[in-house]
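Please look over the sequence and the structure below before reading on. The paragraphs that follow lead from charged pairs to helix packing, then to the backbone and the ligand.

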Amino acid sequence: MSLSLSLYIHIPFCRAKCHYCDFNSYPGQERLIPRYLEAVTGEAREWSCLLERPSVKTIYFGGGTPTLLDPEQVGRLMDVCAGSFSLADDAEITVEANPETVSKELLHGLRRLGVNRISLGVQSFDGGLLKVLGRIHDVERALTAYRWARESGFPSINLDFIYGIPGQSLESWRRSLETALELMPDHLSLYCLTLEEGTPLQRKVLQWELEPPDPDLAADMYLLAEERLGQSGYLHYELSNWARPGHEGRHNLTYWQNQPYLGLGAGAHSYLSPRRFGNAASIEEYIDKVSPPWTVDKPGAAAEIEVLSPILEQADTVILGLRLGTGLDAGAFARRFGVAVAALYGPQIEELTGLGLLTLEKGCLQLTQRGRLLGNEVFLRFLAHTNTLFTPAR
Ligand code: SF4
């Protein structure tokens, strides 16, 4: 049976750099798009040969700003995918979109190509906070982009939001949530702002031009979202993700279930057990590297290759699985690794359940509500255990 995986395609181009962003994205590099698309095409073909035309169940065009490509360019990439991989008939195909870069024509064009999920980076319905974040769109534009996406007939629309922004009050967050709920999107991703090293936003906070984010206020915002979205019928199926039933993001579920995925493009990551690969991050370096010869041990575009020990794969599977609303399926874990999760992590599970952060019931290891607020603390316990057992080979 051929390998079944999810496919991520990174489009690293952006109009401008948002003030909080440390993603692998570059403004002002659009002249490189044609060469970049050729390189991604080459990478897809090389992987197809190496993996003997694997099945693909989801495709995710992420960025950067994939909507800086026109439909003809996205269509070429989709043709390359269809030619190189065995694409499932019911494949979920997502495109991330910045509201400022979409038009009715573009959205209709994507829909005609078979894109069935659009993820709009709205981030806030407070115009002042959009400026703090350095977003290039305003509130009106985000609302218009959503209306166009609906009119184009996308079966699933996600809206991305950020909370815990300097200067954001609980009231402002409540208003953004209520506006979002009035739109009735199929899916919502809510991320707590992280002040990334070296970003303009971090500099402004360090220089006291902006007040530092308050973690207690951010926790209140998270609890408010849990309450309001739950009341409105959304399933809280992952720590930061809510969906109307049947609209859970299948692509990201692949990551949280620690299943295989292939990442094409600059800085994209892949996981093909037991290996993890990270492609060269710079656009030009990536373009230069995508040339034969390729082997699974040394794919041309990869700048980092890591062979994972079973202990690390087990820890990854637990940590990613705990992010899910349904928790980690202990039976599936035992079938995959031949060992019970309770046997591997007995003391950690006992301690964390004692602290009220975890439950192990009916074969599922799950975070409690308190555990969801303190997720990183929980994950660290499992990682620390891994570090005591594993010394990386040279
Ligand atoms: S649009 Fe997204 S990837 Fe581009 S700069 Fe802003 S946050 Fe970063």
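A salt bridge is counted here where a side-chain nitrogen of Lys or Arg lies within 4 Å of a carboxyl oxygen of Asp or Glu. In this model, which is predicted, a search of the whole structure finds 10 salt bridges. One of them pairs Arg147 with Glu151, whose closest N and O atoms are 3.7 Å apart. Both residues belong to helix H5 (residues 139-151), where they are four residues apart, about one turn of the helix.

On the H2 side the contact is made by Pro71, Val74, Gly75 and Met78, and on the H3 side by Leu106, Gly109, Leu110 and Leu113. Sorted by class, this contact of H2 with H3 holds six nonpolar and two polar residues, with no charged residues. The crossing of H2 past H3 is right-handed.

In the other pair, helix H6 (residues 170-183) and helix H8 (residues 215-231) have axes that come within 10 Å and cross at roughly 25°, so H6 and H8 are likewise roughly parallel to each other. The residues that make this contact include Trp173, Arg174 and Glu178 of H6, and Asp220, Met221 and Arg228 of H8. By class, the contact of H6 with H8 has nine nonpolar and four charged residues, but no polar ones. H6 also passes H8 in a right-handed crossing.

A cis peptide bond with omega of about 15° joins Gly63 and Gly64, and Gly64 lies in the loop between strand E4 (55-63) and H2. Another cis peptide bond, with omega of about 5°, joins Ser273 and Pro274, and Pro274 is placed in the loop between strand E12 (269-272) and strand E13 (275-279). Arg53, although it is not a glycine, has a positive phi of about 50°; this residue lies in the loop between helix H1 (33-50) and E4.

Which residues surround the ligand? They are Cys14, Ala16, Lys17, Cys18, Tyr20, Cys21, Phe23, Ser25, Gly64, Thr65, Asn98 and Arg135. By class, this shell has six nonpolar, four polar and two charged residues. Gly64, one of the residues around the ligand, is also a partner in the cis peptide bond with Gly63.

Key: Residues numbered from 1 in each chain as written. Predicted model: local features only at pLDDT ≥ 70, side-chain atom pairs only at ≥ 80, totals over all residues. Heavy atoms only, no water. Near = heavy atom within 4 Å. Nonpolar A, V, L, I, M, F, W, Y, C, P; charged D, E, K, R; others polar. Axes fitted to C-alpha atoms, helices over the stretch in contact; angles between N-to-C directions. Helix = DSSP H or I, 4+ residues; strand = E, 2+ residues; numbered from the N terminus. Parallel < 35°, antiparallel > 145°, perpendicular 65-115°, else oblique. Left-handed = near helix turned anticlockwise from the far one by under 90°. Contact = heavy atoms within 4.5 Å.
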